[in-house]
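Subject: Structure handover and notes

Hello,

I am passing on the structure below, and my notes follow it. Please read them with the model open beside you.

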Amino acid sequence: LGDSSWYLRLLRDDTRVARRMARLLASSRYATGLLLRAPDAVAMLGDDSRLATSSAATLHAEAAATVRRHDTAEEAVAAALALRRRELFRTAAADLLGLSGVEETGEALTAVAAVTIAAALEAAARKAAQGGPLPTRVSVIAMGSLGGHEIGYASDADVLFVHEPLPGADEEAATRAAHAVAEELRGLLARPGPDPALPVDAALRPEGRQGPLVRTLASYRAYYQRWSAPWEAQALLRAEPVAGDTGVGAAFVAMADEFRYPAGGMSETAVREVRRIKARVEAERMPRGIDPALHLKLGPGGLSDVEWVAQLLQLRHARAVPSLRTTRTLAALQAARDHGLITSQDADALAAAWQLAAQVRNAVMLVRGRPSDSVPTAQPELGAVARLLGYAPDASHDLVQDYRKAARRARAVMERLFYG
């Protein structure tokens, strides 16, 4: 900003801005990198209301206007990614300054990811329609942590692509057009540039990476009816429309409800298969050379343990308990507690471990500017992460002990409720 008069005046007249800048620059490589790309964002630090999460409607309107102002899809998505960068800084600053919690952070990051995907879809569809109107309607379905409103600063966007040909349209031509749009969207959001990319991962689709990138509603239904495994019904628990045609998105969700909330609950055979898959994940996916007890995602009592407990409860009981029909982990645990499916003590242990793991994971990304799924154990990284989470300068190792304790409690609950 050089000798910009408004910036110097801001520092002179509001010492809180200087203190907040010092905290952000000293504690977070991630936030510093975002600020260096858009130094005007420092003005947000003088007003708590400007650090509050922007409403989804406001962001969608701004992103749509941004896309319309640019002639090419590449320019439009670059502008949308710049908008996302601003919102990432807003979210990171609120997080670093203690103005938001882990759930609010997840909601904010999810909202800006959804807006960015919607903008990229509009730009990709506009590019694909240059040869004539598209013969189909396309919707993007959020999956995984995106569908659960629980993404972190380093998360990819897990999605499915679904389309519905227009009346009278040739289905093969419609599928080709939808595939072109989906491929273009993924390419636009993965392009290297000055702003953080948003990788879009469609690996949770039927048949995985070997299957078609885009399917019609009828094709999805036929697959799930005939071929789907229990884990695929489990994956659908987090399915939620995120962009594109709202009618197609709503129809997909209605179809998904039949498989993720099965009549009579999940069969005992399917429950055994879910348990077998979880045990296999534990045995095969843990990275080598790390302490499993400190792995935030796959370790004992980590994010995965808590989420699988919540999801098994949903698969077994959500048909009869409507409040369990949520894509959010903590909301599912609360609903299970409210209906006596788990005790308050068990719900508290699971929720506490999940929240701490998510907080540490986000804090590591904020401090390092690079993701990690493990609790840091060496200085100075441990000290920086612990300080960010409110620990005293000489008590950073308490973070490691607190995590171990919370994870042990959650694992004990998980083994009893999940494996029986």
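In helix α8, the residues A174, A177, A178, V181, A182, L185, L188 and L189 are buried, where buried means under 20% relative accessible area, exposed means over 50%, and partly exposed lies in between, with a 1.4 Å probe and protein chains only. Seen down the axis of α8, these buried residues fall within an arc of 135°, so they line one face of the helix; the arc is that of the directions from the helix axis to the C-beta atoms. An α-helix has 3.6 residues a turn, so residues three or four places apart point the same way. On the other side of α8, E172 and R176 are exposed.

Before going further, please note that this is a predicted model, in which local features need pLDDT of at least 70 and side-chain atom pairs count only at pLDDT 80 or more, while totals for chains, interfaces and linings use all residues. Residues are numbered from 1 along each chain as its sequence is written, and side-chain values use heavy atoms, with hydrogens and water left out.

The cover over the buried residues of α8 includes α5 (73-96), α6 (102-128), β1 (136-142), β2, β3 and β4, with contact meaning heavy atoms within 4.5 Å. Helices (H or I, at least four residues) and strands (E, at least two) are DSSP runs, numbered from the N terminus. Helix α8 has 20 residues (171-190), which at 1.5 Å a residue should span 28 Å, and its end C-alpha atoms are 29 Å apart, which agrees; the expected span is 1.5 Å times one less than the number of residues.

The largest nonpolar core has 125 residues, and those with the most contacts inside it are L45, F89, I117, V140, F161, L185 and L189. Such a core is a set of buried Ala, Val, Leu, Ile, Met, Phe, Trp, Tyr and Cys residues joined through side-chain atoms within 4.5 Å. Helix α15 gives the most to this core, with 15 residues. Leaving out residues up to four places away in sequence, I117 touches several residues, including V140, L185 and L189. A second, separate core of 16 residues includes L160, Y220, Y224 and F259.

R205 lies in the loop between β3 and β4, and R205 is buried, with a relative accessible area of 7%. E207 is found in the loop between β3 (200-201) and β4 (214-216), but E207 is partly exposed, at 46%.

Some backbone details deserve a careful look. Most residues other than glycine have a negative phi, and most peptide bonds are trans. E207 has a positive phi of about 70° although it is not a glycine, and H149, also not a glycine, has a phi near 60°. H149 sits in the loop between α7 (144-147) and β2 (157-165) and is buried, with a relative accessible area of 15%. A cis peptide bond, with omega about 5°, joins Q379 and P380, and P380 lies in the loop between α15 (344-368) and α16 (381-388).

As for the chain overall, the protein has 17 helices and 5 strands, and buried residues make up 52% of its 420 residues.

Best wishes
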